[in-house]
Amino acid sequence: LSLAALLLLRPLLTLMQTPEDVARLAADYLVVIFGGLLATFFYTLCAAALLRAEPLIRPDRVYLLGHSMGGMLAPRIDAEGGAFAGLIFWAGTPRTLDALILEQNEASLAAMPPEQRAAAAPLVQALREQFAALPRMAEEDAQHTHILGNRWAWYFKEMLAHPPEEYLRRLTKPVLVLQGDRDAHLSVERDFRRYEALLAAHPDA
């Protein structure tokens with residue numbers, strides 16, 4: 001992460017990954033940088049609870065910054081117990097993870113030379129079919145089925161059941177959305193513009 005972009009939020013303390021870092025709390029403003037994996041979701045909720053219990057910290061000045069997948073998960077983290085003063089989505093997406101991964105694979109496939117494309121096309125088609133089967137897959141089956149190597153299907157199924165758009169539509173607290181127009185993994189048209197549409201009626205976004 002480039003901390004230069006965060007200097008506007010001084011005084012700033014960053015909390016990374018585990019709640020043990022809460023011991024370093026010493027600022028009026030706090031940005032929690034949430035990096036990516038679903039497991040960190042629970043660490044972040046734990047950290048938020050510790051922050052609210054810390055007498056030196058004002059809960060109305062604790063913000064959550066979600067980067068990449070963290071930006072996708074930030075609205076859910078806040079709704080399910082984070083209770084932050086505001087949210088910052090940095091290179092995030094309002095789309096579901098399966099849709100984003102499939103789009104990235106299809107873009108890579110289209111950019112390949114013809115001979116490589118012919119070899120890779122069946123793999124992308126298999127991925128497309130696996131993602132399409134997720135809504136109908138039983139919970140127990142999802143816990144014993146692999147997608148994308150060693151990633152359990154349940155990981156994607158669970159996230160698919162909590163689409164970011166549902167949380168974004170209910171947001172009323174301050175929101176800041178940041179995205180670069182040269183981001184190779186996201187699209188201004190399909191991601192940033194979708195944020196704009198979902199938050200169009202939000203008075204503080």
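The model is predicted: local features need pLDDT of at least 70, side-chain atom pairs count only at pLDDT 80 or more, and totals for chains, interfaces and linings use all residues. Residues are numbered from 1 along each chain as its sequence is written, and side-chain values use heavy atoms, with hydrogens and water left out.

**Lys 173**
- Lys 173 sits in the loop between α7 (164-170) and β7 (175-178). Helices (H or I, at least four residues) and strands (E, at least two) are DSSP runs, numbered from the N terminus.
- Its side chain reaches the backbone oxygen of Phe 84 at 2.6 Å.
- Not counting residues up to four places away in sequence, Lys 173 touches residues including Asp 78, Phe 84, His 202 and Asp 204. Contact means heavy atoms within 4.5 Å.

**Helices α2 and α6**
- α2 (residues 69-82) packs on α6 (residues 153-160) at about 50°, with axes 12 Å apart. Axes are lines fitted to C-alpha atoms over the stretch in contact, and angles run from 0 to 180 degrees between N-to-C directions.
- The two helices are therefore oblique to each other. Angles under 35 degrees count as roughly parallel, over 145 as roughly antiparallel, 65 to 115 as roughly perpendicular and the rest as oblique.
- Met 69, Met 72, Leu 73 and Arg 76 in α2 meet Tyr 155, Glu 158 and Met 159 in α6.

**Lining of the largest pocket**
- α2, α3 (97-111) and α6 each supply at least two lining residues.
- α3 gives the most, with four residues.

Definitions and conventions. A polar contact is a pair of N or O atoms within 3.5 Å; within protein, one must be able to donate a hydrogen and the other to accept it, and residues adjacent in sequence count only if both atoms are side-chain atoms.
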